[in-house]
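Subject: Structure for your review

Dear colleague,

Please find below the structure that I am handing over to you. My notes on what was found in it follow.

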Amino acid sequence: MIARRNVVVPAVIATFLTSWFYSGNLIKGLAGIFNASLTAAGELFSIFLIIAIITALLGGLRAMGAERRMVRPFRGLMRNSHMAFLTIAAATYFISLFFWPTPAVPLIGALLLPAAIRAGLPAMTAAAVMAIAGQGMALSSDYVIQVAPGLSAKAAGTDTGAVADRAMVLSLITGIVALVFVYWRTRRGFGAVSDENELRWRSQQMDVPLELQLGSAGNRGFSKGVVTAKAAARAAGGSGSGGSAGSGGLDAGAGTAVLTAPGEGDGDGVSEQDGPVRRSQVFAVLVPLAFAVVVGYMLLGKFTGLVPEVESNDAAGLVGGVAMLLLFGTVFTLDGTHGLTTAASHVVDGLVFAFKAMGVVIPIAGFFFLGNADFISQITGTQKSHPPALLFDLVKSVDQYIPGNGFILGFAILVVGMITGLEGSGFAGLPLTGSLAGALGPAAHTDPATLAAVGQMGSVWTGGGTLIAWSSLLAVAGVARVPVQELVRQLFVPVVVGLTAATALSTLLF
């Protein structure tokens with residue numbers, strides 16, 4: 001991981017060797033490779049399914065142009081550079097929380113970024129705000145869809161809801177600290193409202209090719225392919241197409257840039273070809289409202305007795321069920337009886353994207369599941385009365401060397417998470433950080449859910465797209481027309497300060 005190489009091959013080889021030596025049978029060792037991935041796939045399929053459903057819904061919304069209308073109300077708020085700063089942060093976080101960051105990148109770049117530049121906000125500051133609010137705050141908590149908390153909790157052997165709650169708080173602490181830091185450092189460069197700001201920004205050209213062959217979950221669709229910064233920047237000119245569902249400007253099927261140039265429409269990137277205007281307006285309001293109601297219902301159940309509490313295992317199902325019904329409403333409203341066909345097509349596209357984006361996690365998680373007493377017999381095909389928990393036993397063997405201080409351990413898990421994110425993946429390292437949290441937490445008298453959330457912060461903030469240039473941060477830099485290396489330098493100190501503050505407070509808050 002330090003060498004920024006994919007860890008699938010080492011994980012599979014380690015699975016084979018561990019299964020072979022544990023069972024004492026070469027055949028069972030070979031079968032363990034398959035069984036480990038099969039076990040991980042069974043445990044994690046609910047995560048794949050919710051990704052597929054949300055992606056399918058976004059495809060239906062894009063077909064009628066509703067996804068672009070969802071951000072249009074934010075444009076009127078940007079009356080000066082300071083309001084533009086807050087609006088870009090709020091809009092990116094809002095869209096990313098429900099649909100993940102990469103779909104928000106072309107949307108914000110096409111519809112809001114030009115207005116923010118015109119209001120006097122520097123392009124580099126706007127790019128930093130988008131990265132912190134989207135790839136950082138929203139993706140690291142993943143509070144609505146709960147893919148990241150689900151991976152962390154499975155590996156840690158703890159409750160998904162507990163990890164999600166802690167991750168939400170820690171992500172807000174990290175993000176707010178980072179945003180305040182960026183605002184304080186760049187506020188002197190804010191300018192006055194002027195059309196010349198936008199004209200100068202649009203005249204910038206960036207032709208350096210950016211090869212993206214990351215194949216990581218945290219990059220949300222940057223599976224394979226090549227995109228140029230110039231092509232990405234064209235999205236900021238009024239395209240808003242954003243590629244296929246959830247791809248952040250890259251087509252998830254072909255893995256190639258499909259960012260179109262500004263077209264003829266109503267000036268906001270929404271043309272009559274995108275579907276009936278009235279219908280798209282209705283769903284632009286209905287979809288965010290429906291998800292807001294779902295989140296509000298879950299919060300009421302958690303903190304009050306007004307409604308029954310939604311169990312953590314049912315939260316993803318509730319979001320997925322609502323999303324599926326919204327998808328059906330979208331396609332039937334747009335296509336009539338042909339919606340029977342288009343709905344199925346959107347679901348298939350969503351499943352394809354889910355496995356492209358998250359498939360790399362399965363063999364990695366399979367290896368760490370092998371260290372869990374609940375799964376080792378199933379993976380190795382060896383039945384023992386008291387199967388060992390290899391990872392936990394390994395930790396116990398060095399128990400005397402583990403610091404009993406949860407504060408120190410929290411920073412150790414944070415560093416491990418940041419290292420796992422160096423390969424450009426925000427999610428592939430979560431089985432490792434979650435497993436370490438579950439194993440080390442009891443020895444240090446610290447809640448594993450808290451440590452898992454801390455590790456999740458380190459992994460996702462690093463690999464998900466704020467601290468390394470070979471991640472989905474490329475898309476942010478492209479639409480903002482700024483050098484990605486310079487953007488990383490601008491983000492490094494604010495994000496690291498935010499992660500440090502959140503980790504230090506985690507043991508005090510939880």
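A residue is called buried under 20% relative accessible area, exposed over 50%, and partly exposed in between (1.4 Å probe, protein chains only). Accessible areas come from the Shrake-Rupley method with a 1.4 Å probe, and for residues only the protein chains shown count as cover.

This is a predicted model, in which local features need pLDDT of at least 70, side-chain atom pairs count only at pLDDT 80 or more, and totals for chains, interfaces and linings use all residues. Residues are numbered from 1 along each chain as its sequence is written, and side-chain values use heavy atoms, with hydrogens and water left out.

Overall picture

The protein chain contains 21 helices and two strands; these are DSSP runs (helices H or I, at least four residues; strands E, at least two), numbered from the N terminus. Of its 510 residues, 58% are buried. The accessible surface of the chain is about 19800 Å², and carbon and sulfur atoms account for 65% of that surface. A contact means heavy atoms within 4.5 Å. Among contacts with a separation of 6 or more, 77% are between residues 24 or more positions apart.

The interior

A nonpolar core is a set of buried Ala, Val, Leu, Ile, Met, Phe, Trp, Tyr and Cys residues joined through side-chain atoms within 4.5 Å. The largest such core has 142 residues, and Phe99, Val147 and Phe291 touch the most other members. Helix α2 (residues 26-64) gives the most to this core, with 15 residues. Leaving out residues up to four places away in sequence, valine 147 touches Ile47, Ile50, Ile51, Trp100, Asp142, Met358 and Phe427.

Threonine 450 belongs to helix α19 (residues 448-466) and counts as buried because its relative accessibility is 2%. Apart from neighbours within four places in sequence, threonine 450 is in contact with Arg166, Ser506 and Phe510.

The surface

Patches are made of residues with over 30% relative accessible area and no salt bridge; like charges are joined within 9 Å, and nonpolar side chains (Val, Leu, Ile, Met, Phe, Trp, Tyr) within 5 Å. One nonpolar surface patch, of about 780 Å², is made by Val9, Ile13, Leu17, Trp20, Phe21, Leu26, Ile27 and Leu30. Helices α1 (8-23) and α2 each supply at least two of its residues, and α1 gives the most, with five. Valine 9 is found in α1 and is exposed, because its relative accessible area is 55%.

Salt bridges

Side chains of opposite charge can pair when their charged atoms come close. A salt bridge is a side-chain nitrogen of Lys or Arg within 4 Å of a carboxyl oxygen of Asp or Glu.

- Arginine 118 and aspartate 195 meet at 2.6 Å, N to O. Arginine 118 lies in helix α5 (residues 101-118) and aspartate 195 in helix α9 (residues 195-202), so the pair ties together parts that are 77 residues apart in sequence. Arginine 118 is partly exposed at 35% relative accessibility, as is aspartate 195 at 48%.
- Arginine 200 pairs with glutamate 196, their closest N and O atoms being 3.7 Å apart. Both lie in helix α9, four residues apart, about one turn of the helix.
- Arginine 489 and glutamate 486 meet at 2.8 Å, N to O. Arginine 489 is exposed, because its relative accessibility is 55%, whereas glutamate 486 is partly exposed at 25%.

Yours sincerely
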